[in-house]
Amino acid sequence: MKHAFVTWIPYSRTDIPAGWRRLYLSDHYQETGYTILDDVNYKKKWNERARRAQKKFLASGATVRAVTPAEFIEAFQKTKVKHWYKGSYITYYKKMVTLDATSVRQWLCFDPAGNPVAGLAVHDYAGVSVHLVAFTGKKAYPLQGGTGLIDIWFSDSYEKGIRYITFDQLKNRNGPSDQKGYTDFKLNFIEHRMSFPKAYFRVF
């Protein structure tokens, strides 16, 4: 390879080395959030809306349990979701499992009749657990299935000694409107929000 176009998104560095130029048209995600798991009573860091939703989930008769990758994929494929990225998310999940299945955890939420209605997969590394992919069917909403999945993610991570729960991408100020729903949901559980608004590029 003789030439390369490299994008750099600064995390903590404030000076910009010579040769790097501001990239104004960028599709990198600029907002994320995380929660520190330093107390078994992690729900005290959730907002009131999340705590109410968790109580509704517990009263709904729905259940959440860990499943195999094959079970997760089958349920995801059969569940009708609102967005157009279902196939891409499943492909992404399969790739992560292929690279290291031991670093990926996945759960399904089942309605009282035992039908899968929502799912969550996360990736663990070096004391951090990051939101990987999730899906929510229409029947999961009145059951608060998404909150039930977040709860087991937190509790299982705390038991494993994981310190940071990271929620991956959030909608930034100029982000597309279809990111608003999942961003509003994630913010119910987030302790700290982080911004990476600037990107730079260099041609080598």
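How much accessible surface does the chain have, and what share of it belongs to carbon and sulfur atoms? The surface comes to about 12,200 Å², with 54% belonging to those atoms (Shrake-Rupley method, 1.4 Å probe). Please keep in mind that this is a predicted model, in which local features need pLDDT of at least 70, side-chain atom pairs count only at pLDDT 80 or more, and totals for chains, interfaces and linings use all residues. Residues are numbered from 1 along each chain as its sequence is written, and side-chain values use heavy atoms, leaving out hydrogens and water.

The chain has five helices and ten strands (DSSP runs numbered from the N terminus: H or I of at least four residues for helices, E of at least two for strands). Of its 204 residues, 43% are buried (under 20% relative accessible area, with exposed meaning over 50%, 1.4 Å probe, protein chains only).

Now look at α3, residues 86-99. Its buried residues are I90, Y93, M96 and V97. They lie on the same side of α3 because they cover an arc of only 125° around the axis (taken from the directions from the helix axis to the C-beta atoms). The cover over these buried residues includes α2, β5, β6 and β7. On the face turned away, α3 carries the exposed residues T91, K95, T98 and L99.

Helix α4, residues 145-159, is mostly covered, with eleven of its 15 residues buried. Among them are L149, I150, W153 and F154. Just after α4, G161 takes a positive phi of about 80°.

Key. The expected span of a helix is 1.5 Å times one less than its number of residues. Contact means heavy atoms within 4.5 Å.
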